Amino acid sequence: MHDETLALHAGWRRDSATTAVAVPIYQTTSFQFDSSEHAADLFALKSLGNIYTRIMNPTTDALEKRVAALEGGVAALALASGQSASAFSVQNLAHAGDNIVASTDLYGGTWNLFANTLKDQGIEVRFVDPADPEAFRRATDERTRAYYAETLPNPKLRVFPIAEVAAIGRPLGIPLIMDNTSCPLLVKPLQHGAAVVMHSLTKYFGGHGTSIGGIVVDGGNFDWAAHAARQPALNTPDPSYHGAVWTEAVKPLGPVAYILKMRVTLLRDLGAAISPFNAFLILQGIETVALRMKAHSENAMEVVKYLRHRPEVASVIHPSLTSPERAATYMKGGMGGLVGMELKGGVSAGRKFIDSLQLLYHVANIGDARSLAIHPASTTHSQLSQSEQAATGVSPGYVRLSIGIEHIDDILADIGQALDKTH
Ligand code: PLP
């Protein structure tokens with residue numbers, strides 16, 4: 001089925017207990033076992049079923065199935081936030097002494113996680129410039145367990161070379177993990193060779209800006225067992241599960257070793273569970289995500305056209321301008337809602353622009369149905385030196401816009417009047 005249909009139907013038909021059509025909020029911590037044998041089988045993974053909401057929940061299950069279907073994966077694990085999804089996606093493969101190779105163009109929170117917290121845990125993250133896909137190969141050694149990148153990282157908004165980097169990793173047994181937060185439905189990284197996709201559900205999938213959540217989707221398209229030396233986490237006995245070897249143990253369930261292990265070890269032990277209520281709210285958002293992504297993309301394109309004719313704007317940053325060929329290859333359904341602009345008047349113009357907005361919200365977020373704006377040099381990137389800011393793509397006059405789905409005339413009117421006040 002098509003995305004518009006999957007967004008409404010995938011993973012759910014009706015409630016088996018009540019026949020309710022809407023996914024109910026299963027606000028319960030635990031689930032009654034049928035018998036002691038049933039309980040023992042569930043704990044031994046001999047049969048699959050609900051045990052405890054830290055590890056699984058029927059509301060969350062519908063969310064997981066829906067996002068897995070939309071990404072074209074085989075299964076998914078929803079988590080408390082996008083941050084926990086990024087962390088788990090790596091920790092599931094890399095242990096102390098191992099490394100991953102990641103793009104330099106990352107969300108700041110991911111950067112901190114990789115450069116500091118994972119480092120403290122003994123996992124080295126080697127950052128490389130994605131402008132040259134071969135840089136991933138050069139940074140690889142025998143302890144490299146994964147490649148990691150964002151589909152459309154901001155503020156640079158350069159489309160990542162998914163197919164090229166995935167193709168470098170596959171023969172080496174190295175999966176590409178893609179953070180697809182900024183482009184749900186518009187880009188399908190699994191179709192281009194990625195093995196794992198993660199999202200902050202907080203952004204476009206939710207769309208309403210009410211709920212923090214994250215998800216990891218297993219593409220089911222990576223042969224972990226064929227690369228046993230490269231991927232010991234999935235191919236050697238796990239002492240926390242009576243010595244189970246995950247690629248062997250899950251064979252009867254299909255190609256889900258990666259995601260099942262994440263659920264029954266990392267989620268069990270670290271507990272970054274999403275609440276069923278947030279899973280429900282994010283499901284409400286997903287019902288309209290196909291319509292919204294089209295509207296975001298169309299409005300953003302109009303904003304790009306408008307900004308290019310404004311004298312206050314030195315340059316406009318958008319995938320159609322930064323990486324038109326890759327955008328045409330990967331973003332057939334639209335280029336998303338993110339737009340950057342560099343104001344000629346530098347920091348003071350950036351601040352004046354933000355302070356003059358009346359419709360657009362001034363927030364450190366992207367992906368709401370509402371239009372949002374921020375001036376990174378004086379906020380999210382203010383702790384960096386000017387040269388560090390420049391390396392991450394933030395110039396003094398850079399303003400990031402997350403264009404929403406309001407009427408385009410109202411969006412342009414607000415941006416226009418705020419630009420007038422930057423003189
Ligand atoms: N990845 C990207 C691209 C993001 O923009 C964000 C949040 O801004 C995250 C991950 C982290 O997600 P969360 O805020 O849901 O933890």
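In the predicted model, an N or O atom in the side chain of Lys203 lies 2.7 Å from an oxygen atom of the ligand, a polar contact being a pair of N or O atoms within 3.5 Å. A nitrogen atom of the ligand is placed 2.7 Å from a polar side-chain atom of Asp179, and a polar backbone atom of Gln83 is 2.9 Å from a ligand oxygen atom. Of the 390 Å² that the ligand exposes when taken alone, the protein buries 89% (Shrake-Rupley method, 1.4 Å probe). Residues are numbered from 1 along each chain as its sequence is written. Local features of this predicted model need pLDDT of at least 70, side-chain atom pairs count only at pLDDT 80 or more, and totals for chains, interfaces and linings use all residues, while side-chain values use heavy atoms, with hydrogens and water left out.

The residues surrounding the ligand (a heavy atom within 4 Å) include Ser81, Tyr107, Glu150, Thr202 and Ile212. By class, this shell comprises two nonpolar, seven polar and three charged residues, with Gly counted as polar and Tyr as nonpolar. The ligand sits in the largest pocket (more than half of its atoms lie within 2 Å of the grid points; a pocket is an open set on a 1 Å grid over the protein atoms alone, with protein on both sides within 12 Å along at least five of seven lines).

The whole structure was also searched for cavities, where a 1.4 Å probe fits but cannot get out, and one of 30 Å³ or more was found. The largest cavity holds about 60 Å³ of space, a volume being the space filled by probe spheres set on the points. Its lining (an atom within 4 Å of a point) has 13 residues, with Thr53, Arg54, Ile55, Met56 and Thr60 nearest the centre.

Conventions. A polar contact is a pair of N or O atoms within 3.5 Å; within protein, one must be able to donate a hydrogen and the other to accept it, and residues adjacent in sequence count only if both atoms are side-chain atoms.
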